[in-house]
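I opened this model to look up how its ligands are held. The entries below follow the order in which I went through it.

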Amino acid sequence: MASQKEQQLVEIIQILSQGGFYSGQAIADKLDVTRAYVWKLIQQLQDLGLGIESVTGRGYCLEYPVELLSSDELDKTLKLQQLDLRLMTDSTNEALKGEGFAHNKLVVAEYQSAGRGRRGRKWVSPIASNLYWSLGWKTQLPVQQLGGLSLVVGLSIVSALEKLGVTGVEVKWPNDVRYQGRKLGGILVELSGDMVGGLNVIIGVGLNVHMANGAASSIEQEWINLQELKPNISRQDVLTAVIQELQKSLEQFAEHGFDAFTEQWSRVDECFNKKVAIIQNDDVVNGIGAGVDSNGAFLLQTGKGIKPIYAGEVSLRFRDED
Ligand code: ATP
Ligand code: BTN
């Protein structure tokens with residue numbers, strides 16, 4: 001249940017998203033609060049990463065169009081066990097852990113205070129700008145076969161985007177969605193629960209849609225927004241298309257494993273035939289990307305033959321030198 005303050009924040013976003021300037025007093029009247037309190041709420045939205053411009057004598061306006069996600073629309077179009085759309089949460093993956101888990105339950109947030117990537121890295125999650133969601137998936141597959149899962153999620157994202165007219169998106173093994181070397185999204189697959197009667201899998205995805213530069217200042221690598229690839233793309237449409245595509249792929253994955261996806265993978269594999277370094281703790285192994293095996297392990301062509309690499313704790317970097 002959203003708090004009164006969260007409802008007020010949503011109301012302000014809704015007012016501003018109609019376009020144009022609104023004075024503090026006009027917003028205060030609509031919310032039935034004081035102007036000083038509106039000022040505080042606006043400050044808070046700015047702190048959460050929303051681009052709000054403030055012009056003396058004119059009031060507040062959004063720096064770019066914002067569309068809040070609609071749970072009614074998502075409920076209508078998606079076949080889900082449960083939908084949980086929140087304005088704010090710490091991490092949508094966290095929300096699905098333990099008691100929060102259900103098969104085919106989707107948790108979506110407009111803002112994450114503790115969004116994370118692999119190995120506890122921070123996932124920058126400003127409010128109402130990008131997509132942050134996690135899907136619960138119960139599977140009878142043994143854990144050893146789940147190595148290809150994050151690749152299947154990446155493939156689903158690429159296919160859904162293609163259907164929306166966005167082409168050229170690739171996947172960097174094992175969990176990065178990228179466009180011309182710039183990070184567009186990331187995938188975090190986690191296991192939860194006591195593993196009795198199947199595994200509880202949490203599939204978390206962050207996709208940049210319209211993130212302001214200011215909000216992204218802490219990202220220490222090249223990144224990109226979908227907005228740049230297709231102006232005015234709708235977050236609602238992207239989320240819907242990706243979930244529908246993923247649900248189809250998960251059924252196929254449960255039935256045939258990663259084998260059913262190897263050909264599709266070769267079309268979006270950013271590392272294929274590229275010089276790469278696999279880094280694990282202080283160990284670095286150089287080689288050339290040679291695709292993936294039927295379990296989704298990365299195939300590294302080295303001087304001593306092909307070496308399979310399992311996702312776990314490794315990092316993959318491109319390299320220019322020999
Ligand atoms: P690897 O896992 O191979 O080391 P990586 O550097 O991409 O690759 P990840 O843990 O996959 O690391 O992703 C987290 C990283 O993604 C962060 O350290 C940050 O550089 C970047 N990042 C965080 N938020 C965003 C975002 N919204 N868009 C793009 N990149 C982001
Ligand atoms: C990565 O590139 O390392 C993966 C990033 C995954 C980010 C998403 S956002 C929704 C879900 N909740 C999280 O805390 N992380 C994932």
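Entry 1. I am working with a predicted model. I therefore kept to local features with pLDDT of at least 70, and to side-chain atom pairs at pLDDT 80 or more.

Entry 2. I listed the residues around ligand 2 and found 20 of them. Those that come nearest are Ser91, Gln112, Arg116, Arg118 and Lys183. Sorted by class, the shell has 11 polar, 5 nonpolar and 4 charged residues.

Entry 3. I then checked distances between N or O atoms. Which part of Arg116 faces a nitrogen atom of ligand 2, backbone or side chain? The atom is a backbone N or O, and the distance is 2.8 Å.

**Entry 4. Elements around ligand 2.** Helix 5 (92-95), strand 5 (131-139), strand 8 (182-192) and strand 9 (199-207) each give at least two residues to the shell. Strand 8 has the largest share, with 4 residues. Arg116 belongs to a loop, the one between strand 4 (105-112) and strand 5.

Entry 5. I looked up the UniProt entry, which is unreviewed.

**Entry 6. Neighbours of ligand 1.** I turned to ligand 1, which sits in the largest pocket. It is surrounded by 18 residues, and the closest are Arg121, Lys183, Asn208, Glu220 and Ser315. By class I count 8 charged, 6 nonpolar and 4 polar residues in this shell. The largest share, 3 residues, comes from strand 14 (residues 315-318). Lys183 is listed among the closest residues here, and it is also among those that come nearest to ligand 2.

**Entry 7. Polar contacts of ligand 1.** I repeated the distance check for this ligand. Asn208 has a polar side-chain atom 2.8 Å from a nitrogen atom of ligand 1. Val124 contributes a backbone N or O atom, which lies 2.9 Å from a nitrogen atom of the ligand. In the side chain of Asp176, an N or O atom is 3.1 Å from an oxygen atom of ligand 1. The protein covers 96% of the 620 Å² of accessible area that ligand 1 has on its own.

**Entry 8. Backbone.** Last, I went through the backbone angles. Which peptide bond is cis, with omega near 0°? I recorded the bond from Trp173 to Pro174. Pro174 is placed in the loop between strand 6 (169-172) and strand 7 (176-179). I also noted Arg119, a residue other than glycine with a positive phi, near 50°. Arg119 lies in the loop between strand 4 and strand 5, and Arg116 is in the loop between those strands too.

Technical notes:
Residues are numbered from 1 along each chain as its sequence is written. Chains are lettered from A and ligands numbered from 1 in the order in which they are written. Side-chain values use heavy atoms; hydrogens and water are left out. A residue is near a molecule or strand if one of its heavy atoms lies within 4 Å of it. A polar contact is a pair of N or O atoms within 3.5 Å; within protein, one must be able to donate a hydrogen and the other to accept it, and residues adjacent in sequence count only if both atoms are side-chain atoms. Ala, Val, Leu, Ile, Met, Phe, Trp, Tyr, Cys and Pro count as nonpolar, Asp, Glu, Lys and Arg as charged, and the others, Gly among them, as polar. UniProt positions are given in the numbering used here, feature names are shortened, and annotations may be inferred rather than shown by experiment. Accessible areas come from the Shrake-Rupley method with a 1.4 Å probe; for residues, only the protein chains shown count as cover. On a 1 Å grid over the protein atoms alone, a cavity is a set of points where a 1.4 Å probe fits but cannot get out, and a pocket is an open set with protein on both sides within 12 Å along at least five of seven lines; lining residues have an atom within 4 Å of a point. A molecule sits in a cavity or pocket if more than half of its atoms lie within 2 Å of its grid points.
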